[in-house]
Amino acid sequence: MSSPEKFELRLYVAGQTAKSVLALKNLKRICEEHLKGQYSIEVIDLLIDPQLAEGDQILAIPTLVRKLPEPVRTIIGDLSNTDRVLIGLDLRPL
Amino acid sequence: MESLSKSPTGIRGLDQITLGGLPKGRPTLICGSAGCGKTLFAMEFLVRGAMDFSEPGIFVSFEENGKDLTANFRSLGFDLDDLIQQKKIKLDYIHIEKSQIEETGSYDLEGLFVRLDHAIKSIGAKRVVLDTIEALFSGFSDEAVLRAELRRLFRWLKDKEVTAIITGERGDKSYTRQGLEEYVSDCVILLDHRVIDQVSTRRLRVVKYRGSSHGSNEYPFLITSKGISVLPITSLALEHQAKEEHISSGIKELDVLLGGKGYFSASTILVSGGAGSGKTILGASFAASAAQQGKKVLFLSFEESPSQLARNMKSVGIDLSTPSKKGLLSCHSDRATAHGLEAHLVKIYDLVQDLKPQVVILDPLTGFSQAGTEMDIEAMLTRIIDHFKAEGITALFTSLGGRSEFERSSNVGVTSLIDTWIELRDVETVRRNERAISVIKSRGMGHSRDTRPYVISSHGMLIAKAAAKTGARV
């Protein structure tokens with residue numbers, strides 16, 4: 001599992017809900033395990049910046065968007081199923 | 001308890017059926033199969049709200065993007081771009097593609113709420129349309145979450161006090177495929193588009209309206225170049241103002257038969273008679289004479305082209321070309337079978353709206369018998385007559401057939417709407433067949449009971465004077 005590519009990840013939340021907190025915790029853990037040193041996480045709180053929901057077509061909360069590498073990928077939920085997150089991020093072949 | 005307050009839709013006819021509009025500050029469900037006009041209904045509700053009632057609105061589309069929507073509404077004569085620029089309407093396109101989304105762990109739809117809230121606040125919206133929210137069901141696989149969120153959404157819309165329209169696709173057993181009626185309980189409107197005898201008809205029915213009475217029939221509606229028009233047959237409730245003015249029939253002796261002054265202005269006249277009895281001539285005489293008095297006349301012919309009509313009428317001394325050239329008379333010809341009844345109605349409504357005539361001749365009614373079922377024709381005539389009355393138009397209809405046929409057929413319902421009924425018929429005498437005219441009824445005037453012989457000459461219809469016993473005095 002080594003890729004020189006840089007992962008640019010964006011996590012959309014709406015306030016500090018249990019699901020949002022859990023999603024961020026899970027995301028950080030997965031990234032540390034699988035993408036150490038080659039990722040950046042940006043957390044967007046829609047309660048603060050509601051206008052940003054339109055750009056990435058956000059409906060579900062929490063939503064994780066992989067902006068880079070392209071193509072853009074979307075994963076929704078609290079990211080508690082690590083295998084599915086890895087599939088969603090295209091880090092593990094099916 | 002205070003009565004339910006309503007939000008007028010501004011859609012012609014719908015506010016009459018619902019006695020004032022949709023429940024204010026509550027969601028209404030509009031359902032129907034594909035292509036029945038749900039989106040148009042919802043959009044007209046928003047546009048009218050923004051233009052006529054100063055209530056800005058949000059249109060959230062789950063199906064069409066903003067460009068497609070604006071294009072669609074331009075075809076109905078609504079300029080969305082302008083309204084969007086003035087911040088009276090906001091379009092929000094929500095795109096869902098399940099294949100691009102991976103689901104892992106629990107989630108909710110707070111993002112949708114955030115977006116709606118942001119949109120509502122940005123223009124101070126009072127109206128919201130969600131078209132069609134069922135698309136969510138194809139985007140997310142956790143149905144339990146979706147249903148809980150929908151329930152929350154409709155409650156949330158109520159809390160926001162916006163008047164909302166939610167559209168839904170017609171299901172097999174329920175009003176909507178996903179049973180949305182379970183969540184929207186205040187008002188449910190069903191749209192239907194069906195084809196009977198190759199004639200397509202759109203219909204609307206208010207299935208449910210909590211806390212309010214409403215018209216419960218199925219009402220036909222039209223999608224015209226000026227928006228939607230629902231046609232509640234009995235909506236006019238006979239409110240039109242009766243006029244005391246008279247208008248000459250264009251035939252002197254006929255005016256005498258009608259009590260001396262001719263027809264009542266804004267009344268409805270039926271001329272019935274056999275083939276070749278001179279019904280069209282009676283109509284054309286009226287048209288020419290009204291135009292001569294400076295009135296605007298619309299002549300709708302379902303048998304002859306305008307030039308044929310002008311030529312034939314010229315042969316009996318009625319000049320239709322001069323008033324046509326002056327712009328006082330417009331003739332329109334159309335085969336009755338060329339369109340469905342509704343399309344005819346639309347055309348007639350549009351012509352009346354554009355030309356604003358004071359007199360309309362429709363020649364002949366009987367042409368429609370091929371274009372729909374008897375019941376539909378009767379309903380359509382009722383609507384036309386109501387419309388003319390409401391607009392203060394004096395209307396003359398001709399119809400093939402004698403009195404006895406009329407009273408036997410279902411058209412009898414129409415004859416009760418007619419104010420003046422003139423019959424042309426053949427009378428057999430010893431020597432020859434004579435034509436005779438009589439006024440069967442004429443509301444509000446002391447009309448003659450005479451049956452008078454008449455002839456059609458190169459100077460139009462000549463009716464014998466009262467003294468004459470036999471033969472026309474020409």
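Two strands pair if DSSP finds at least two bridges between them. Helices (H or I, at least four residues) and strands (E, at least two) are themselves DSSP runs, numbered from the N terminus. In strand E20 of chain B, B:Trp421 is the bridge partner of B:Leu270.

This is a predicted model, in which local features need pLDDT of at least 70 and side-chain atom pairs count only at pLDDT 80 or more, while totals for chains, interfaces and linings use all residues. Residues are numbered from 1 along each chain as its sequence is written, and chains are lettered from A and ligands numbered from 1 in the order in which they are written.

**Chain A**

The predictor's confidence in each residue is given as pLDDT, from 0 to 100. Chain A has a mean pLDDT of 86, with 94% of its residues at 70 or more.

Chain A contains two helices and four strands, and their pattern along the sequence is β-α-β-β-β-α. A residue counts as buried if 20 or more other C-beta atoms lie within 10 Å of its own, as exposed if 12 or fewer do, and as partly exposed in between, with C-beta atoms placed from the backbone. By that count, 35% of the 94 residues of chain A are buried. Two residues are in contact if their C-beta atoms, placed from the backbone, lie within 7 Å. Among the contacts in chain A with a separation of 6 or more, 65% are between residues 24 or more positions apart.

An open sheet of five strands, with mixed pairing, has the order E2(A)-E1(A)-E3(A)-E4(A)-E6(B). Its edge strands, each pairing on one side only, are strand E2 (39–45) of chain A and E6 of chain B. From one strand to the next the twist averages 20°; for such angles, axes are lines fitted to C-alpha atoms, for helices over the stretch in contact, and the angles run from 0 to 180 degrees between N-to-C directions.

Within chain A, E1(A) and strand E3 (residues 63–68) run antiparallel and are joined by five bridges. A:Leu9 is opposite A:Arg66 of E3(A).

In the interface as a whole, 28 residues of chain A are in contact with 20 residues of chain B. On the side of chain A that touches chain B, the elements giving two or more residues are strand E4 (73–76) and H2 of chain A. H2(A) gives the most, four residues. That side of chain A has 16 nonpolar, eight polar and four charged residues, where Ala, Val, Leu, Ile, Met, Phe, Trp, Tyr, Cys and Pro count as nonpolar, Asp, Glu, Lys and Arg as charged, and the others, Gly among them, as polar.

**The nine-strand sheet of chain B**

Chain B has an open sheet of nine strands with mixed pairing, in the order E17-E16-E18-E19-E15-E20-E21-E22-E23. Strand E17 (329–333) and strand E23 (460–463) are the edge strands, each pairing on one side only. The twist averages 25° from one strand to the next.

| Strands | Sense | Bridges |
|---|---|---|
| E15(B) and E20(B) | parallel | five bridges |
| E15(B) and E19(B) | parallel | six bridges |
| E18(B) and E19(B) | parallel | four bridges |

In E19(B), six of the seven residues are buried. B:Ala395 in E19(B) is the bridge partner of B:Val360. Helix H9 (residues 279–292) of chain B lies across several strands, among them E15, E18 and E19 of chain B, and runs at about 160° to E18(B).

**B:Leu270**

B:Leu270 belongs to strand E15 (residues 268–273) of chain B. It counts as buried because it has 25 C-beta neighbours inside 10 Å. In E19(B) the bridge partner of B:Leu270 is B:Phe397, and in E20(B) it is B:Trp421. Apart from neighbours within four places in sequence, B:Leu270 is in contact with B:Phe397, B:Ser399, B:Thr415, B:Ile418 and B:Trp421. B:Thr420 is 150 residues from B:Leu270 along the chain, and their C-alpha atoms are separated by 6.2 Å.
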